[in-house]
Amino acid sequence: MAAILTSLIGTTSVLGLGLIPLLAIGFTMYRYNSLDPESHPQNAQELLRMYDFIVVGGGSAGAVVASRLSEIPNWTVLLLEAGDDENEISDIPLLAGYTQLTEFDWKYQTSPPGGSAYCLAMIGDRCNWPRGKVLGGSSVLNAMIYVRGNRHDYDNWARLGNTGWSYEEVLPYFLKSEDNRNPYLARTPYHKIGGYLTVQEPSWKTPLAIAFLQAGQEMGYENRDINGFNQTGFMLTQATIRRGSRCSTAKAFLRPVKNRPNLHIAMHAQGLRVLFNDEKRATGVEFLRDGRQQIVRCRREVILSAGAINSPQLLMLSGIGPSEHLTEFGIPIISNLRVGDNLQDHVGLGGLTFLVNEPITLMKERFQTFSVMFEYIVKEQGPMTTPGVEALAFLNTKYADKSGDYPDVQFHFAPSSINSDGEQIRKILGLRDRVYNIMYKPLHGVETWSILPLLLRPKSTGWIRLKSKNPLVKPDINPNYFTHKEDMDVLIEGIKLAMQVSNTSAFQRFGSRPHTIRMPGCHKHPFDTYEYWECAVRHFTFTIYHPTSTCKMGPRSDTTAVVDPRLRVYGVKGLRVADASIMPTIVSGNPNAPTIMIGEKASDIIKEDWRVKKNEILDTGDEIIIFIFYIHLV
């Protein structure tokens with residue numbers, strides 16, 4: 001035990017954790033290693049010269065694809081992941097924010113805006129965009145929120161010409177993954193048990209979470225399963241949590257199959273480019289590992305699952321992208337496609353804070369105690385099991401679809417705010433000192449809660465571009481927020497709805513009232529006016545990091561499409577993309593669950609295209625027999 005704690009001291013000191021979280025992590029590691037049957041996968045050192053399939057990126061989709069393809073015992077599968085394996089810090093839900101800006105994070109930032117002002121409250125006018133550089137990808141960094149999106153999202157994809165992607169056709173892939181451990185949900189037609197991915201409500205919540213649901217009822221919204229038939233309404237958060245710990249895609253999909261002899265997982269292996277032959281067929285991948293460039297070949301396909309930033313970057317580095325852009329860097333053009341365009345993200349107002357009178361919020365000083373730590377270690381319960389976002393709501397502004405079944409704003413409710421763990425939150429947001437000191441420092445020790453109102457379907461789109469042909473140089477990220485006035489109109493209506501939540505009797509019994517110190521740079525506008533909220537949004541531009549749609553899926557007739565509905569990249573052979581970048585339009589909600597669904601569906605598409613029959617897919621018994629036979633041969 002002492003050795004475990006000693007090994008963690010260096011890492012935790014860098015993260016700025018105190019003694020109590022350090023002890024909690026140590027005890028968690030002890031409990032984890034001694035009780036949890038799912039040990040971490042091995043980092044394959046000796047690789048084959050050729051595999052049937054190479055999956056680039058072991059994140060929310062890539063871990064799923066590698067796991068499912070390796071179900072075919074005579075297929076060899078290599079998973080390349082640039083980062084390391086997850087650890088016990090990332091396992092603790094409440095410490096999710098502490099993994100940002102560490103070695104688990106690509107540490108991306110948006111480029112300073114040009115004509116459209118946003119991120120002005122952040123240092124250098126740049127918003128941080130954390131992305132998972134770790135086995136499990138951003139499912140290791142995120143808030144674990146499980147939201148599928150709206151049925152109309154997928155039906156619209158199908159209407160755009162993406163055959164096979166309607167809601168009724170993708171729902172089975174959500175169900176295939178899921179192991180829902182809330183009985184009242186598991187027995188409905190929209191949830192299942194027995195899948196790899198554990199989904200459940202966190203076991204601990206503040207009294208304000210119930211008040212949030214009651215507030216929704218006062219406002220005319222039902223308390224419902226937002227992943228069920230109808231999305232509009234309020235609900236306690238469903239999260240990818242198992243026994244009080246994070247259930248990443250690495251834990252869910254890779255650890256149970258880590259002993260398959262046909263699956264190799266290579267960590268610290270960053271993809272540099274896809275290799276092609278004269279017939280424009282993908283033949284392998286060049287990657288960097290241990291400071292050395294290496295090449296591995298494939299017999300069948302390369303699947304890019306590197307995410308909405310890295311997948312377009314890899315395609316462009318490989319000669320697939322806008323010809324005029326690639327020519328600037330002297331990259332030979334293999335296929336002229338609109339790679340990197342159509343970037344979409346959920347954007348909202350950060351730091352929307354409300355005050356209450358009672359000591360019931362999630363303050364740092366309150367959860368960093370020995371009693372909280374031991375409740376987590378011994379019972380797998382308590383404040384450390386919460387992802388911080390206790391409840392969600394999907395609401396209709398006056399601009400929403402008149403059916404009432406296609407909400408245009410999402411709320412994330414948290415019993416905390418910027419002041420609750422000020423040093424860490426301001427660090428991961430890159431918040432300017434002046435903004436923090438004027439607005440949130442006066443709230444030190446004050447009981448606060450917050451709503452993050454997010455625009456669900458922005459009309460403004462951005463782009464990803466190369467800054468250099470050097471693969472190690474981060475790309476240029478331009479989210480291009482608020483170039484359509486309608487986006488600001490909808491978001492400000494959402495902010496007004498958030499103010500209504502605080503005014504309900506459910507919250508008034510706690511003395512709830514808005515924090516009215518105005519944003520620096522916005523003092524000329526009266527508080528709670530359209531002009532003030534627009535100014536505040538352009539300053540404290542907040543996103544919970546949902547980039548999508550940069551390798552757009554569409555039919556051949558769509559000149560902006562990068563992949564077809566079978567996820568094959570246009571103009572080449574043997575190359576697919578399977579991650580959030582293929583979404584034609586962003587889903588109405590947190591995209592992690594839809595990205596896992598894309599991994600599931602992509603795997604079946606690949607199996608179908610290579611004509612794999614059901615009886616060829618590995619089951620658990622076969623896997624054990626094959627593994628024993630493999631050991632005997634070795």
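Residues are numbered from 1 along each chain as its sequence is written, and side-chain values use heavy atoms, with hydrogens and water left out. Because the model is predicted, local features need pLDDT of at least 70 and side-chain atom pairs count only at pLDDT 80 or more, whereas totals for chains, interfaces and linings use all residues.

**Overall build**

The secondary structure comprises 20 helices and 25 strands; these are DSSP runs numbered from the N terminus, with helices (H or I) of at least four residues and strands (E) of at least two. Along the principal axes, the C-alpha atoms of the protein fill a box of roughly 70 × 55 × 45 Å.

Of the 634 residues, 65% are buried, where buried means under 20% relative accessible area, exposed over 50% and partly exposed in between (1.4 Å probe, protein chains only). Among contacts (heavy atoms within 4.5 Å) between residues at least 6 apart in sequence, 72% join residues at least 24 apart.

The accessible surface of the protein comes to about 23,300 Å², and 53% of this area belongs to carbon and sulfur atoms; areas come from the Shrake-Rupley method with a 1.4 Å probe, and for residues only the protein chains shown count as cover.

**Annotated spans**

An unreviewed UniProt entry places the feature "domain: Glucose-methanol-choline oxidoreductase N-terminal" at residues 132-155 and 307-321. UniProt positions are given in the numbering used here, feature names are shortened, and annotations may be inferred rather than shown by experiment.

| Span | Helix | Strand | Distance between end C-alpha atoms |
|---|---|---|---|
| Residues 132-155 | 21% helix | 0% strand | 29 Å |
| Residues 307-321 | 73% helix | 13% strand | 16 Å |

**Backbone exceptions**

Most residues other than glycine have a negative phi. Arg-243, although not a glycine, has a positive phi of about 50°. Arg-243 lies in the loop between strand 8 (241-242) and strand 9 (245-246), and it counts as partly exposed because its relative accessibility is 35%.

Phe-482 likewise has a positive phi, near 65°. The loop that holds Phe-482 runs between strand 22 (476-478) and helix 16 (485-503). With a relative accessibility of 6%, Phe-482 counts as buried.
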